[in-house]
Amino acid sequence: MVILDTCIVIELQRGNPEVIEKVYHFEQQNIFVTPIVIAEFLRGARDKTELLKCRKLIGKFSSLALNEDVAYKFIEIFDQFSLSHRPAVPDMLIAAASLHCNIPLHTINKTDFHFIPAIKFI
């Protein structure tokens with residue numbers, strides 16, 4: 001199982017062969033995105049055609065709900081690292097889902113998450 005961050009989904013859309021190979025190494029039902037990743041990805045669409053393509057790609061993956069437990073984990077890690085690392089809110093929501101569900105995160109930007117000792121990467 002794996003959680004994708006927004007940069008990985010963008011690279012899939014661009015057809016990056018390295019990313020495609022790593023992501024689709026997992027069975028499709030074991031690939032997850034969070035609502036924040038979906039929102040960030042769809043926000044990048046420039047027109048209706050591109051939006052439809054984005055929706056089609058995102059539709060291939062399971063959505064991982066941001067429930068109350070994920071919210072508590074988000075608050076915990078955001079509070080812990082907000083002063084020392086100034087993390088982005090969306091990144092911390094993605095990290096919280098990964099940590100709470102104990103599912104590794106697939107990202108190109110490990111620097112956005114590297115200071116969280118418990119997080120596992122693909």
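Begin with the charged pairs: there are three salt bridges in this model, a salt bridge being a side-chain nitrogen of Lys or Arg within 4 Å of a carboxyl oxygen of Asp or Glu. The model is predicted, so local features need a pLDDT of at least 70 and side-chain atom pairs count only at pLDDT 80 or more, whereas totals for chains, interfaces and linings use all residues. Residues are numbered from 1 along each chain as its sequence is written, and side-chain values use heavy atoms, with hydrogens and water left out.

**Stop 1: the salt bridges**

Select R14 and E11, which form a salt bridge whose closest N and O atoms are 3.0 Å apart. Both belong to helix α1 (residues 6-14), where they are three residues apart and so separated by about one helical turn; helices (H or I, at least four residues) and strands (E, at least two) are DSSP runs, numbered from the N terminus. An α-helix has 3.6 residues a turn, so residues three or four places apart point the same way. R14 is exposed, with a relative accessible area of 63%, while E11 is buried, with a relative accessible area of 16%. Here buried means under 20% relative accessible area, exposed over 50%, and partly exposed in between, with a 1.4 Å probe and protein chains only.

R46 counts as exposed at 72% relative accessibility, whereas E50 counts as buried at 17%.

Then select E76 and K73, whose closest N and O atoms are 3.4 Å apart in a salt bridge. These two residues lie in helix α5 (residues 68-85), three residues apart, and are separated by about one helical turn. E76 is partly exposed, with a relative accessible area of 44%, and K73 counts as partly exposed at 23% relative accessibility.

**Stop 2: where α1 meets α4**

Show α1 together with helix α4 (residues 48-58), and look along the two axes, which come within 11 Å and cross at roughly 115 degrees. Axes are lines fitted to C-alpha atoms, for helices over the stretch in contact, and angles run from 0 to 180 degrees between N-to-C directions. The helices α1 and α4 are therefore roughly perpendicular to each other, a term that covers angles of 65 to 115 degrees, with those under 35 counted as roughly parallel, those over 145 as roughly antiparallel and the rest as oblique.

Which residues in α1 and α4 meet? V9, L12 and Q13 in α1 meet E50, C54, L57 and I58 in α4, contact meaning heavy atoms within 4.5 Å. The residues of this contact of α1 with α4 divide into five nonpolar, one polar and one charged; Ala, Val, Leu, Ile, Met, Phe, Trp, Tyr, Cys and Pro count as nonpolar, Asp, Glu, Lys and Arg as charged, and the others, Gly among them, as polar.

**Stop 3**

Now select I36, V37, I38 and F41, the buried residues of helix α3 (residues 35-43). The buried residues of α3 pack against β1 (2-4), α1, β2 (31-33), α4, β3 (62-63) and α6 (89-101).

T34 is placed in the loop between β2 and α3. Is T34 buried or exposed? T34 counts as buried, at 0% relative accessibility, and, not counting residues up to four places away in sequence, T34 touches I3, L64, L66, I94 and A97.

**Stop 4: V70 in α5**

Return to helix α5 and select V70, which counts as buried at 1% relative accessibility. Leaving aside neighbours within four places in sequence, V70 is in contact with A65, L93, A96, A97 and H100. For a distance across the model, pick the C-alpha atoms of V70 and I10, which are 60 residues apart along the chain and separated by 24 Å.

**Stop 5: two residues with positive phi**

Most residues other than glycine have a negative phi, and most peptide bonds are trans. In the loop between α5 and α6, select R86, where phi is near 50 degrees, a positive value in a residue other than glycine; R86 is exposed, with a relative accessible area of 63%. Finish in the loop between α6 and β4 (105-106) with N102, where phi is near 55 degrees, again positive in a residue other than glycine. N102 is exposed, with a relative accessible area of 53%.
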